[in-house]
Amino acid sequence: MKQSLDLTISEKKLVFAMTISSILPLLDSSIVNVILPAISNDINASYAYIQWAITIYMLACAAGILLSPYIHENFGLKNAWVSSILVFLISSILVGFSYNLVSLILFRCLQGFGAGILIPITQSIIATHFAKQRLKPVMALIAIPSVFAPALGPVFGAILSEQLNWRIAFFINIPLALLAFFFGGTTIPENKTSKYNMNIYVFMTFLIALILFFITIKNITSGHFFDISNIIMLVLGIGLMMVSLVTNNKSDNKLIDLSAFNCHQYSLAIIMGFLTSVIFFGFMIFFPLIQAINDHISITYIGMLLALQGVGAWLARKFVYKSLSEINSFLIIGIGLIISAISILIIQVGGSASEIIGFTVRGSGLGVATIAVLSSPFEFCEKNQIKDTSAITRVIQQIGGAFGSVLSGILINLTLDQIISVNCAYQIMFFLSLVFGIIAVIAYIFSYRVNTKS
């Protein structure tokens with residue numbers, strides 16, 4: 001039976017506003033990847049360090065996602081959404097006026113925080129307003145532009161950056177955010193608020209631990225790994241992470257319920273989500289920067305290649321994933337990552353034909369893999385764990401993307417210092433993607449044996 005999608009004028013405005021607010025973070029992220037070289041050249045920041053503009057964005061986004069339940073419950077959906085849109089809007093303007101690496105990173109941090117709150121709040125508004133009978137068709141309607149945003153973003157950003165100025169790529173958020181604010185501000189219904197006590201101690205220790213980890217990893221390749229300060233940061237980061245996890249589990253006021261991790265298959269699904277995000281975002285950042293170093297290639301051309309990755313993902317999701325839906329999720333992830341690894345070898349060959357084929361193939365592989373990693377944890381959790389699983393999968397995606405950003409920075413740094421060649425950097429990316437794919441296949445074998453025994 002086909003689900004009804006009869007919407008009132010007010011509901012159409014609401015759906016329009018939620019569509020814009022759902023694509024804003026996606027569009028922004030896809031645009032930034034391709035204009036990094038232009039930003040780096042303009043503010044005189046090294047290619048090895050400019051990736052921190054993405055790393056800090058993803059970390060702040062993860063923080064925003066973890067804070068969103070507190071903001072939702074204490075201030076209401078409408079106030080939370082309006083506030084997150086305004087934070088994203090103001091920070092986008094500030095990023096556009098960045099004058100050095102420090103200001104860029106600080107303003108990107110604020111922007112990521114706003115996006116992190118905006119993403120789950122948008123989903124909550126849709127789920128709260130539309131009944132179950134209309135929820136799926138509304139979500140499908142909103143998902144259409146959300147799928148194409150990562151494909152169109154790189155081309156759009158590249159053209160703006162090359163023909164005009166990279167700063168306009170951030171200023172374009174202004175009319176979009178104002179449109180969303182205009183239609184959403186008057187149509188989002190008020191909802192009751194309740195007292196939600198957030199475990200701020202667990203939140204802060206977890207976040208500080210992550211930051212220390214990233215700094216430590218970055219120092220590994222800069223010759224300061226055995227410095228006493230770096231060792232202290234590493235030990236402190238590990239200690240704070242352990243403290244945050246133990247405190248969270250023992251607390252009556254948990255930041256997030258981690259009980260689903262008692263299921264080994266659930267844990268494997270989350271790990272695969274992390275690894276897939278590492279290789280996905282890592283290469284997305286690595287390729288434009290390595291090309292800028294090596295060939296001084298057109299930014300518009302790079303944008304078109306990244307757009308082809310989005311097209312490949314859309315094609316795979318539309319025509320391939322349905323036929324694979326009955327296959328074990330771990331096997332789908334493994335196949336997707338192995339295809340991604342092969343695509344890196346194709347891209348490494350160089351030349352327009354190889355790069356076009358390579359990015360389309362890469363998009364198809366990662367297209368099916370990302371759907372599987374986002375859905376697989378829900379196969380192994382209880383109904384009362386769904387809400388926390390939604391937050392966990394999104395936070396892990398952001399953390400994995402941040403690690404991928406650091407990985408790309410490490411490879412760029414090693415290439416600039418002539419410690420490794422460009423070809424070697426590509427081969428490392430290939431090897432990691434292949435290993436992650438093999439890990440997923442091993443997880444599939446483990447999962448199959450567990451299901452057989454049960």
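Predicted model: local features only at pLDDT ≥ 70, side-chain atom pairs only at ≥ 80, totals over all residues.
## Nonpolar surface patch

Five residues, Leu86, Ile90, Leu94, Leu110 and Phe181, make up a nonpolar patch on the surface. Together they present about 370 Å² of accessible area. Helix 4, spanning residues 77-96, supplies the largest share of this patch, namely three residues.

Leu110, another member of the patch, lies in helix 5, which covers residues 101-129. The relative accessibility of Leu110 is 34%, and this residue therefore counts as partly exposed.

## Packing of helix 1 and helix 4

Two packed helices are described by the angle between their axes and the distance between the axes. For helix 1 (residues 9-42) and helix 4, the axes come within 12 Å and cross at roughly 35°. The crossing of these two helices is left-handed. On the side of helix 1, the contact is made by Ala17, Met18, Ser21, Leu24, Pro25 and Asp28; on the side of helix 4, by Trp81, Ile85 and Phe88.

Asp388 is located in helix 15, which comprises residues 386-416. Apart from its neighbours within four places in sequence, Asp388 is in contact with Ile256 and Asp257. Between Asp388 and Ile256 the separation in sequence is 132 residues, while their C-alpha atoms are 6.1 Å apart in space.

Terms used. Residues numbered from 1 in each chain as written. Heavy atoms only, no water. Patch = residues over 30% accessible without salt bridge, like charges linked within 9 Å, V, L, I, M, F, W, Y side chains within 5 Å. Areas by Shrake-Rupley, 256 points an atom, 1.4 Å probe, with all protein chains shown as cover. Salt bridge = Lys/Arg side-chain N within 4 Å of Asp/Glu carboxyl O. Helix = DSSP H or I, 4+ residues; strand = E, 2+ residues; numbered from the N terminus. Buried < 20%, exposed > 50% of the residue type's maximum accessible area, 1.4 Å probe, protein only. Axes fitted to C-alpha atoms, helices over the stretch in contact; angles between N-to-C directions. Left-handed = near helix turned anticlockwise from the far one by under 90°. Contact = heavy atoms within 4.5 Å.
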